[in-house]
Amino acid sequence: MNWFQRLSKTVRMERELDAELRFHFETLVAAKIQAGLTEDEARRAARLEFGGDEQVKEDCRESRGTLWLVSIVQDLRFGARILAKSTAFSVTAIVVLALGIGVCTLAFSLYNIAVLKLLPVRDPATVVSIQRRSPENITPGIPYASIAYYRDHAKSLSAVMETMHGAPLVLNQDERRVSATFVSSNYFSELGAAAATGRLFDAAHDDAASAPVCVLSFRLWQRQFDGDPTIVGKSIRLGGKPATVIGVAAESFASLGADDPDLWLPILQHPYFVEGSKPLADPNFDGLIKMWGRLAPGVSRTGAEQELLSLTNQLRKTYPSVIWDHEYIVITPGAHFLSLEGGPPILPFVALLVFLILAIACANLSGLLLARGAGRQREIQLRFDLGARKVRVFRQLLTENLLLGLLGSIAALPLSYAVLRLVLVYSNAPAWMSALPDWRVFLFTTAMGFVAALLFGLLPTLRMVRRKKNRSLWHQFVVCAQVGASCALLILSGLLVRATLHTLYSDPGFAYEQVLSIDPGMNEHGFASAQATAYLDQLQNRLRPIPGVISVSIVRIPPLVNDMVMNTSIDVAGRSILIYPNWVSPEFFQTMQIPLLRGRTFRNGEKDAVILSQSLARKRWPSEDPIGKQWEKSNLVVVGVVGNTRAMELNNTDATEIYYPPAADNIPEMSVLVRAAGDPKTLTPALKAIAGSIDSGLRPTITPLTAGFRKNVAQAEQFATIISLLGGIAIFLAVVGLLGLVSFAVAQRTKEISIRLALGANRIEIFTAVLRRFAWPVLLGLGAGLAITGGFSQILRRVLYGISGLDPISYAGAVTILVAILVAAALLPIRRALQLDIARILQSE
Amino acid sequence: MPSSPKFELPQGTLDLLILRVAALGPIHGYAIAQRIQVISKEALQIKQGSLYPALHRLENKKLLVAEWGPTETGREAKFYRLTAKGRTQLQTETESWERLSEIVSMILQHPLGEPS
C-alpha cells in the first residue's frame with residue numbers, strides 16, 4: 001500500500017482499529033467475570049489495566065503512517081484557536097497578507113482575462129490568427145487578395161474570417177464619431193454569436209452590390225438609441241452614407257483581436273462607406289486587414305502553417321510584388337483578448353513589481369511573527385517539557401502559518417475582485433469580461449497563500465523551535481531585506497510620479513491652446529496627390545480671410561491629436577538619436593508659435609530643405625553652425641533651427657525633431673491647423689461649413705488641440721494615481737513591519753530597559769541604544785534598495801520620459817521618507833517601554 | 001492478580017516474540033498477549049499500549065497480514081498471520097538473538113577479577 005491508498009483507507013482503518021481494541025477490552029472483561037468479578041468490577045479493572053485508549057490509538061496510527069493526517073486536523077483546530085485568541089495579531093496579519101496576495105491576484109486576474117482565458121466564442125480552441133512574416137518584415141495584416149486566395153484553396157482551414165478596423169465615422173449628424181470594424185459576412189456565424197435583436201451578417205451580405213447594412217454593438221444601441229426596440233430596419237447615416245440597421249449583437253459578444261467597435265459593417269461594402277478606398281481592390285495595399293481562421297478538424301497549427309506556406313509560394317507567381325522574399329505564415333491561437341507574441345516585455349516587469357510587494361508583505365509579517373514568538377516562548381517551552389518532539393512542534397507552528405496564509409488568500413479574493421471590477425468598469429471593458437475569479441485565479445491565489453506562508457513563516461518558526469534567545473543574524477536580515485525592498489518600491493513610485501508631474505507641468509515648447517486641427521480624411525477616400533493639393537490650397541485660402549483666424553498651415557502629423565506617431569533615428573559618433581519627423585508648410589512654426597532660432601523657415605514650394613529642432617542640431621553638430629549643412633547623405637540642406645517641442649510625445653523630453661516640406665506622396669494625409677485669436681470654439685461652425693462645402697464627399701474632423709492635451713494629461717494622471725496607490729500600500733506594509741520588529745526588540749529587552757530606568761538612566765540614551773541595533777541593517781538595506789533601482793535604471797529609462805533613471809530627488813525623497821517612517825515606527829513601542837511600570841516588571845522576573 | 005516483576009523488553013524483542021507466537025497460526029491480539037503471558041509463566045505481561053502499535057508496525061512492514069474472522073465465542077476479531085517475509089525475518093531474528101544471548105551470557109559468566 002502506498003501512502004495514498006492508506007490515506008483513502010484511513011476512515012476504514014480508524015473503524016477497524018476501534019473494533020480491534022474494543023474486542024480486546026471486552027474479552028478482558030469477560031475473562032475477569034469468569035474469574036469471579038462482577039461485571040462493574042471487571043470493567044473498572046480492565047479499564048485500569050488497559051490504559052489510555054487514545055494513546056494506544058495514536059501510537060498505532062503513528063506506526064502505520066497515517067498519523068500525520070489525523071494530527072493535521074488537530075493542528076488546524078489548535079491553530080485556529082490560537083489565532084482566534086490573539087485577534088489583533090491575526091487581523092493585522094490577514095490584512096497585510098490580503099494586500100500582498102491581493103495585488104498578486106489582481107495582476108494575475110488581469111493577465112488571465114487578457115491572455116489566458118479563451119474568448120466566449122464557439123469552439124474557441126480552433127480559432128486562429130494568421131499573420132505573415134519575413135526576416136525583414138512584420139505586419140499584423142495580410143493583403144486582401146492573399147486572404148481570398150487562402151480562403152479558396154486552404155484545406156487545413158474550415159473557415160476564413162477578415163476584420164478591418166476602420167477610421168471613425170460620423171453617425172447621423174452627431175459630433176461624436178463612432179468606431180466601425182469591417183468584417184467578413186461569416187464573422188458572427190463562425191463565432192457562434194447571437195443577436196440581441198434582429199439578425200447578424202450572413203452569406204447574403206457577401207455581395208458588394210447588395211443594400212448597405214450594419215450591425216450595432218449593444219453598447220451603441222443603448223447609448224445612442226436608448227435601446228430602441230424598433231431599431232431593426234431603420235436607416236442611419238454613417239459618414240454621410242445611408243445604411244440599414246439589420247440587428248444588434250448580444251451584449252456578451254466577444255470580438256476577435258482586442259477590438260471593441262461601436263458597430264460592424266460588411267467588409268465587401270467598404271468601398272461604399274469609404275469612397276475611393278483601396279484595401280479590397282489593390283493587392284499592394286497591406287497592413288489593415290487581419291486574417292482569422294478556424295482549423296479544420298484534426299489539423300494542427302503547424303500543419304496549417306505548412307499548407308499556407310506552400311500556397312504563399314504559388315501566390316508569388318500571381319503577385320510577385322506583394323509577397324515578400326522568404327515570406328512565411330505564422331498561426332497563433334486567435335480566441336484570446338491579447339496575444340503576447342511580439343509584444344513589449346512588460347510581463348516580467350509587472351511580475352517583479354508584484355512579487356516584490358508580496359515579499360515585502362511577508363517580510364513584515366515575519367517581523368510580527370518574531371515579536372509574537374518571543375511572547376510564546378513560555379508556551380513552547382512547556383510543550384517541550386511535556387515531551388513533545390521538535391518535529392511535532394515545528395509542524396504545529398507551520399500549520400498555523402499555513403492557516404494564516406490561506407486566510408490571507410481568502411481575504412485577498414474579494415479585495416482583488418472589487419478592485420478588478422472597478423478597473424473593468426472604469427476602463428469600459430467589454431461586457432464578457434468578468435471580474436469573478438475562475439479556477440485559475442483560485443489555484444493561483446491558493447498557491448500564493450502557501451508561498452506567502454513559507455516566505456513569512458519558515459525562518460521565525462525555525463527560530464522558535466530551536467529556542468534561540470540571542471539576536472540572530474536572521475533578524476538583521478529581515479530588517480535589511482525589508483528596508484531594501486521598500487526603498488526600491490518607494491524610489492520607483494517617486495520616479496514614476498515625478499515623470500508624470502514633469503509631463504503635466506512643463507512647457508511643451510509650443511502653444512496649443514488656441515489651435516484647431518482639421519483632418520479632411522482625404523487618404524481614406526483615396527485622394528490622389530494633385531487632387532489633395534488643390535483641396536488643401538482652396539481650404540487654406542478660404543480660411544485665412546475669416547475674422548479671428550491668425551494663422552493657417554498644413555501638417556502631416558498634427559501634434560497631440562494624432563494617435564499615430566512616427567519616429568526614426570540616426571547614428572552620431574556611434575550613439576543613436578531618436579528623431580520625430582514631421583512634414584509641414586512654412587507657416588507651421590507661426591501657427592504653433594515655435595520660435596525660429598536660426599536661419600529661416602521653408603519657402604513656398606521649396607523641396608530640398610529641412611529644419612531641425614535645436615536639440616537635434618546640437619546633437620548632430622555639437623560645435624558647428626548647422627545652417628547650410630547637408631543632411632545625412634541626402635540632397636536636403638538645413639535652412640533653419642527652431643525651438644524644441646514635445647509635440648509628438650508629450651512625456652518625452654529627449655525627443656528631437658526634424659521638419660520636412662510636404663512631399664507629393666504624403667499630401668493626401670495632411671491636416672490643416674488654424675490658430676484663432678480668441679476662443680477657437682467660436683470658429684468651429686464656420687470652419688465646418690467651409691471644409692464641408694469644398695468637397696461634399698469628405699467628412700472633415702475638427703479637433704481643438706486642447707482636447708488632445710487633456711486626453712494626454714488624463715492618462716498621465718491615472719497612471720500617477722495608480723503608482724501612488726501602490727507606493728501607499730508599500731509604505732503601509734513597511735510601517736507594520738517595522739513596528740513589529742521594534743516591538744520585538746523592545747520586548748526582548750524589557751528587563752534591561754527597566755533596570756536601566758530604575759538605575760536612573762536617561763530615556764534618550766535608552767532610545768538610541770535600541771535604535772542603534774537597527775542602524776547597520778537599515779543602512780545596508782537602503783544601500784541594497786538604491787543599488788537595485790540604480791541597476792535597473794537603464795531599463796526604467798524607457799518608461800521615465802524626461803526624468804533620469806538616477807533622478808536624485810526621487811532617490812533622496814525615498815530615503816528620507818523611509819528613515820522618517822522607521823523612526824516613527826520605532827517611537828511607538830519604545831515610548832510604551834519607557835512608560836512601563838518598573839517595579840512590576842522587575843518583580844515578575 | 002500477583003504483581004510480577006516488570007520487565008523492560010529490549011528494543012525489537014517484542015516484535016520477535018509476536019512473530020514467534022503468530023508462526024503457530026492465525027491469532028488475534030488478545031490471544032497473543034495471553035499466550036506470551038502463559039508461556040513466560042506470567043513473567044511477561046504485554047501492555048496493550050505496546051502490543052497494538054507493534055502489531056500495526058509489523059503489518060505495515062508486511063511481516064504480518066491481518067484478516068477479520070470469528071473467534072471460538074463467535075465474536076469478530078482481527079487475526080494476524082505470518083507472511084513468507086515474516087517467516088524469513090523470524091528465522092534471522094531468532095538466530096541473531098541466540099547468538100547475542102550466547103555472547104552476553106559468555107561475558108556475564110566470565111569469572112570476576114580475572115584478567116582477560
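Mentor: In this predicted model, P212(A) is partly exposed, because 16 other C-beta atoms lie within 10 Å, a count that falls between the limit of 12 or fewer for exposed and that of 20 or more for buried. As for its place in the chain, P212(A) belongs to the loop of chain A that runs between β6 (195–198) and β7 (213–216).

The surroundings of P212(A) also include residues from elsewhere in the sequence. Once the neighbours within four places in sequence are set aside, P212(A) is in contact with K241(A), P242(A), A243(A) and T244(A), and also with Q269(A) and Y272(A). H270(A) stands 58 residues from P212(A) in sequence, while the C-alpha atoms of the two are 9.7 Å apart in space.

Chain A as a whole may now be considered. It comprises 24 helices and 22 strands, and 38% of its 845 residues count as buried. Among the contacts in chain A with a separation of 6 or more, 82% are between residues 24 or more positions apart.

There remains the contact between the chains. Chain A contributes 15 residues to it and chain B contributes 13. On the side of chain B that touches chain A, at least two residues come from each of α2 (29–39), α3 (48–60) and β3 (76–82). The largest share of that side, 7 residues, is supplied by α3(B).

Key:
Residues numbered from 1 in each chain as written. Chains lettered and ligands numbered in written order. Predicted model: local features only at pLDDT ≥ 70, side-chain atom pairs only at ≥ 80, totals over all residues. Helix = DSSP H or I, 4+ residues; strand = E, 2+ residues; numbered from the N terminus. Contact = placed C-beta atoms within 7 Å.
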